[in-house]
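Open the model in your viewer and switch to a cartoon view.

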Amino acid sequence: MLWQAVRACAPTSSYQANILLACLVPFVVLVIASLFEYRAGSVVLAGTPRVVDGDTIVLAGERVRLAGIDAPEAAQKCISSAGDVYACGAASTDKLTELTANGVRCECDTERDQYSRLLCECFATHDSKKSVNARMVRAGMAVAYISQRFAPDQAHARALRRGVW
């Protein structure tokens, strides 16, 4: 029964088959080309990184900046809401070390920042649902930067007065 339905849709002459093929081939080529074009501007890195500070890691020999966030520098001090000075840079670095301890997979643009770091969104290998970038902001250990992609995570951290908030 199914075979009869398939045969009913099949071209009845070689001319019709050539027309069908001539229409389908460009479509298939465009679909395949668009998939490669989407991937053309990206690099994927994976492994266990060395953490430099709250928004920078070294992975597979590349310096990587976590895109869309800004964290305190490793030696930076901050003032808490209670007025106490604390090592917010060390806290941010420690949080990133914790989140990346079991390895990461980073999806990077081929574009680099002014310090020649790849701009990437990284995901913990054991839990790839939410990016490490977003987790840093949600924990209050970094802020949304340039893009507002992580603004909801920042609002959450700020409301709960986490980390730098």
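This is a predicted model. Start at a turn: select strand 2 (residues 50-53) and strand 3, which a hairpin of two residues joins. The two strands run antiparallel, and three bridges link them. Now pick Asp53. Opposite it, in strand 3, stands Thr56.

Next, show the side chains of strand 3 (residues 56-59). Which way do they point? Thr56 and Val58 go one way, while Ile57 and Leu59 go the other. In a regular strand, side chains alternate between the two faces of the sheet. Here, all four are buried.

Move on to strand 4 (residues 62-66). Strand 3 pairs with strand 4 too, again antiparallel, over four bridges. Then look at the hairpin between strand 3 and strand 4, which has two residues between the strands. Ala60 in this hairpin has a positive phi near 55°.

Now go inside. Select Ile57 and list its contacts. Away from its sequence neighbours (beyond four places), Ile57 touches residues including Val52, Val64, Leu96, Cys106 and Cys122.

Which residues have the most contacts inside the largest nonpolar core? They are Ile57, Cys106, Cys122, Val132 and Met136, in a core of 26 residues. Colour the elements that give two or more residues to this core: strand 3, strand 4, helix 3 (88-100), strand 8 (104-112), strand 9 (118-124) and helix 4 (132-138). In soluble globular proteins, nonpolar side chains tend to be buried together.

Technical notes:
Residues numbered from 1 in each chain as written. Predicted model: local features only at pLDDT ≥ 70, side-chain atom pairs only at ≥ 80, totals over all residues. Heavy atoms only, no water. Buried < 20%, exposed > 50% of the residue type's maximum accessible area, 1.4 Å probe, protein only. Pairing = 2+ DSSP bridges. Core = buried A, V, L, I, M, F, W, Y, C linked by side-chain atoms within 4.5 Å. Contact = heavy atoms within 4.5 Å.
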